[in-house]
Amino acid sequence: MSGVRRGDLGTYFRRSQFEPLVSTLPYEHSLDHVPKNETVVGTDTLIGVKLGSAIRLSILKLDGIHFEVTVPNNGKVRDLKQSIMMYVDSDEQSQLGHRHISWKHVWNNFCLSFGKEKLVDDDARLHDFGIRNNDEEKK
């Protein structure tokens, strides 16, 4: 996709504006599986994963629920937390309506971990912990 960088899609607001951009993707990067109600940010993220500029991680919560988030390849723990907060806030909003989560309380009482490592330094790079595409985090 020459001339288009990850993040450029954030300037598009209508699905019809995606057509020319998506048509430039090679066939193996087809977005046929993208849900019709996907947001611009969600589509941008999916393209980032397909093009290798972002990684997808599976989050395992203490209650056994799994969900997936996406962060940049060079992402930090802070980016991962932000992705988790966006996913959970969006999920809570769609299922329960408006509900406020005190993320300060969450991060003060719980931490992310990968393997036996606790991810407590927000400025630490994820790849320094050995985290790669499609790995699973514990929340």
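Predicted model: local features only at pLDDT ≥ 70, side-chain atom pairs only at ≥ 80, totals over all residues.
Colleague: Which element gives the largest share of the largest nonpolar core?
Modeller: This core has 21 residues, and those with the most contacts inside it include L57, L80 and W103. Elements that give two or more residues to it include β1 (54-60), β2 (66-72) and α3 (77-96). The largest share, five residues, comes from α3.

Colleague: How many salt bridges does a search of the whole structure find?
Modeller: One of them joins the side chains of K61 and D63, at 3.9 Å from N to O. A salt bridge here needs the nitrogen within 4 Å of a carboxyl oxygen, so this pair counts. For the whole structure, the search gives a total of four.

Colleague: How many residues apart in sequence are the parts that E68 and R56 tie together?
Modeller: The side chains of E68 and R56 meet in a salt bridge at 3.5 Å, N to O. E68 lies in strand β2 and R56 in strand β1, so the parts they tie together are apart in sequence by 12 residues.

Colleague: Is K81 buried or exposed?
Modeller: The side chain of K81 meets that of D122 in a salt bridge, at 2.8 Å from N to O. K81 lies in helix α3 and D122 in the loop between β4 (117-119) and β5 (136-138), so the pair ties together parts 41 residues apart in sequence. D122 is partly exposed, at 26% relative accessibility. Buried means under 20%, and K81 has a relative accessible area of 12%, so K81 is buried.

Notes. Residues numbered from 1 in each chain as written. Heavy atoms only, no water. Core = buried A, V, L, I, M, F, W, Y, C linked by side-chain atoms within 4.5 Å. Buried < 20%, exposed > 50% of the residue type's maximum accessible area, 1.4 Å probe, protein only. Helix = DSSP H or I, 4+ residues; strand = E, 2+ residues; numbered from the N terminus.
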